[in-house]
Amino acid sequence: MKFAVIQFPGSNCDRDMYYAAQNALGEEAELVWYEGSNLEGYDAILLPGGFSYGDYLRSGAIASTTDIVTQLKDQADKGVPILGVCNGFQVLLESGLLPGAMLTNRDLKFMCHFEQLVVQNHQTLFTSEYEQNEVISVPIAHQEGNYFCDQSTLTRLRENNQIVFTYQNNPNGSIGDIAGIINERGNVLGMMPHPERAVESRLGSDDGLKLFQSILVNWREHYVAGA
Amino acid sequence: MKLVKVHVTLKEGVLDPQGKAIQGSLSRLGYDHVQEVRVGKYLELKVEDDQHIEQQIEEMCRTLLANPVIENYEYTVEEGVTS
């Protein structure tokens, strides 16, 4: 399986994401520069955390206007699995691939510590290796992670089971304790916590590894077992 | 040349922790009659004359300058200084 890890100017979790796919999961991964690259031919696309374009204007706003995000939308339409973590999630929101927006954390602080997440939907291609309602330990590292959407969007997210992860103890004020959501089609996941930083027990937790394993298992079921 | 002044503000009902912190500071300075502070952005754009300028600014606000999920925007188009 071949993963693309998109690098924007200011991405800083791109190597961690690469390591998670290439080393921890043991599949092929490529770092893909945002300019002059082609997103065709990858089995999954990873948008890493960081501060693309220095978080100018709004986190993820400038990155969402680049050509690579236009290509990303095409790949999303084709059903390619896309995972956006932290700033990657913010880019997915700003580009309209996921609904809602990010506000500054309730307490205005940059927060960097482990949080307990509840797997609210384990029937996605990103979470099938988890148990329903499993509690996992994954670090957060953000200042703009206070997820917001209007009431009708929240109702729709709940009705369609699009809320994939919630915080057990909401650290940032996110509406509905939301830590991660998926699109209606089920191939685009955005989350603020960093599963790629929790892929080995020596990192403090390997609970994030199952997320990458889920992507792999689902890819195999689709393209290998079915072939 | 036109001078476009854009104000981007948080929608009503959207939490503004920064505004709250500033209000708290003002209160500590003795200005405790300030009931609420909301923080927004102000942008100035120098734009070449174009008959569709209003429509273009509207589009720029919706697609990039503001995020309609959380923000409102207002703008004025004025005669700019030609340099």
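I began with chain B, where helix H2 (residues 53-65) lies across E1, E2 and E3 of chain B and runs at about 150° to E3(B). I note here that this is a predicted model.

**Entry: the sheet under the helix**

Three strands form an open sheet in the order E2-E1-E3, with antiparallel pairing. At the edges I found strand E2 (41-47) and strand E3 (71-79) of chain B, each of which pairs on one side only. From one strand to the next, the twist averages 20°.

I then followed strand E1 (residues 2-10) of chain B, which is joined to E2(B) by 7 bridges, the two running antiparallel. Within E2(B), I found Val47(B) opposite Lys2(B).

**Entry: strands in chain A**

I moved to strand E6 (residues 111-119) of chain A. To strand E7 (residues 135-142) of chain A it is joined by 8 bridges, and the two run antiparallel. As one pair to look at, I took Cys112(A), whose bridge partner in E7(A) is Ala141(A).

E6(A) is also joined to strand E9 (residues 163-167) of chain A, by 3 bridges, and this pairing too is antiparallel. Here I found Leu117(A) opposite Tyr167(A) in E9(A).

**Entry: nonpolar cores**

Which residues touch the most other members of the largest nonpolar core? I found Leu83(A) and Phe165(A), in a core of 67 residues. Helix H5 (residues 209-224) of chain A gives this core its largest share, 6 residues.

I listed the contacts of Leu83(A), leaving aside its neighbours within four places in sequence. They are Met17(A), Ile45(A), Leu46(A), Leu47(A), Phe126(A), Leu189(A), Met191(A), Leu211(A) and Phe212(A).

I also noted a second, separate core of 11 residues, which includes Val4(B), Ile53(B), Cys61(B) and Ala66(B).

**Entry: Asn146(A)**

I located Asn146(A) in strand E8 (residues 146-148) of chain A. Is Asn146(A) buried or exposed? Asn146(A) counts as buried because its relative accessible area is 2%, and the cut-off for buried is under 20%.

I checked what the side chain of Asn146(A) reaches, and found the backbone oxygen of Asn172(A) at 3.3 Å. Beyond its neighbours within four places in sequence, Asn146(A) is in contact with residues including Ala101(A), Met102(A), Leu103(A), Thr104(A), Asn105(A) and Arg106(A). I also found Asn172(A), Gly173(A), Ser174(A) and Ile175(A) among the contacts of Asn146(A), along with Leu15(B) from chain B.

Conventions. Residues are numbered from 1 along each chain as its sequence is written. Chains are lettered from A and ligands numbered from 1 in the order in which they are written. This is a predicted model: local features need pLDDT of at least 70, side-chain atom pairs count only at pLDDT 80 or more; totals for chains, interfaces and linings use all residues. Side-chain values use heavy atoms; hydrogens and water are left out. A nonpolar core is a set of buried Ala, Val, Leu, Ile, Met, Phe, Trp, Tyr and Cys residues joined through side-chain atoms within 4.5 Å. Buried means under 20% relative accessible area, exposed over 50%, partly exposed in between (1.4 Å probe, protein chains only). Helices (H or I, at least four residues) and strands (E, at least two) are DSSP runs, numbered from the N terminus. Contact means heavy atoms within 4.5 Å. Two strands pair if DSSP finds at least two bridges between them. Axes are lines fitted to C-alpha atoms, for helices over the stretch in contact, and angles run from 0 to 180 degrees between N-to-C directions. A polar contact is a pair of N or O atoms within 3.5 Å; within protein, one must be able to donate a hydrogen and the other to accept it, and residues adjacent in sequence count only if both atoms are side-chain atoms.
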